[in-house]
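Thank you all for coming; I would like to walk you through one model today. Please have a look at the sequence and the structure first, and then we will go through it together.

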Amino acid sequence: MEEVVRAHGHEHVSADHASTFEFTSDDYLTPAGDCILAVEADRVPADFDPEFVAACQDAEATIAATIEAGGYAETITGRGNPDLSFENERSIVGRTSDYVDDRTVMVEADAAAGDLDRDLVAALADGAEATLTLRVE
């Protein structure tokens, strides 16, 4: 089961954050947003299929987030959690910790924004079209 989100990079993408990564539906990004990888996301957690959400709420679920832009791709793998609500109408956040709020789509991720390939980050900073594909097993 998967959900696909389309967005694009922004000149302020730095991808320096050590514990999260984020796609936002906002149309702007300040330099302080060091976990944000893409803006103007066409879908947010509140838009996701209820079956997908239910699958992610299984503590045993494995969730993979593949980020693609500018011919580069990287996959971050994390876990599901019964507390994932998928109610946020603005942002999609993956976390290396087990913290959950309404933006969180995965916990215990094996990477964050700061771990991404710098060529992928450079493409995002150049404003490349970006795709986030979330898969749950």
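Let me begin with G94, which stands opposite M106 in β7; strands here are DSSP runs of E with at least two residues, helices are runs of H or I with at least four residues, and both are numbered from the N terminus. This is a predicted model, in which local features need pLDDT of at least 70 and side-chain atom pairs count only at pLDDT 80 or more, while totals for chains, interfaces and linings use all residues. Residues are numbered from 1 along each chain as its sequence is written, and side-chain values use heavy atoms, with hydrogens and water left out.

β6 and β7 run parallel and are joined by two bridges, and strands count as paired if DSSP finds at least two bridges between them. Four strands make up an open sheet with mixed pairing, in the order β3-β2-β6-β7. β3 and β7 (104-106) stand at the edges with a single partner strand each, so one side of each is left without a neighbour in the sheet.

Now to the rings, where Phe, Tyr and Trp (its six-membered ring) pair if their centres lie within 6.5 Å, with planes under 30 degrees apart called stacked, over 60 edge-to-face and the rest tilted. By this rule there are three aromatic pairs, among them the edge-to-face pair of F48 and F52, at 5.8 Å centre to centre and 90 degrees between the planes. F48 and F86 form a tilted pair, at 5.9 Å and 50 degrees, and ring pairs link F48, F52 and F86 into a cluster.
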